Amino acid sequence: ILQLDLRGYTGLAMSMTSTELAAVIHSLFSEFDDEVVARKVFKMDTIGDCYIVLAVIPPEGQGPARGSARATCVKMRFLAE
């Protein structure tokens, strides 16, 4: 399970209108959604500025899904920062 909370969200929310903030969150979460589909992981939920996904990572050496799940986590962390 990967839970991403956006760094600096409170400051961002205070510095723009609610419409602008919604557009920023929508844009970012749309990129996350694209990664979820491309990497075949499961989007569990979004709560405010929090995005939660689930990926099953098999034990070491048991298939390519392990690398894909890790790569997805790394990519999504990069997008969140």
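1. Ground rules. This is a predicted model, in which local features need pLDDT of at least 70, side-chain atom pairs count only at pLDDT 80 or more, and totals for chains, interfaces and linings use all residues. Residues are numbered from 1 along each chain as its sequence is written, and side-chain values use heavy atoms, with hydrogens and water left out.

2. Helix H2. H2 has 22 residues. Helices are DSSP runs (H or I, at least four residues), numbered from the N terminus. From first C-alpha to last, H2 reaches 31 Å, close to the expected 32 Å. The expected span is 1.5 Å times one less than the number of residues.

3. Two sides. The buried residues (under 20% relative accessible area, 1.4 Å probe, protein chains only) of H2 are Leu 21, Ile 25, Leu 28, Phe 29, Phe 32, Glu 35 and Val 36. They cover an arc of only 105 degrees around the axis, so they sit on the same side of H2. The arc is taken from the directions from the helix axis to the C-beta atoms. On the other side, Thr 19, His 26, Asp 34, Val 37 and Ala 38 are exposed (over 50%).

4. Aromatic pairs. Ring centres of Phe, Tyr and Trp (its six-membered ring) must lie within 6.5 Å to pair; stacked means planes under 30 degrees apart. The count is three pairs. Phe 29 and Phe 32 are stacked, at 5.7 Å centre to centre and 25 degrees between the planes. They are three residues apart in H2 (residues 18-39), so about one helical turn separates them. Relative accessible area is 10% for Phe 29 and 0% for Phe 32.

5. After the helix. Just past H2, Lys 40 has a positive phi of about 60 degrees.

Key
Rings of Phe, Tyr and Trp (its six-membered ring) pair if their centres lie within 6.5 Å; planes under 30 degrees apart count as stacked, over 60 as edge-to-face and the rest as tilted. Helices (H or I, at least four residues) and strands (E, at least two) are DSSP runs, numbered from the N terminus.
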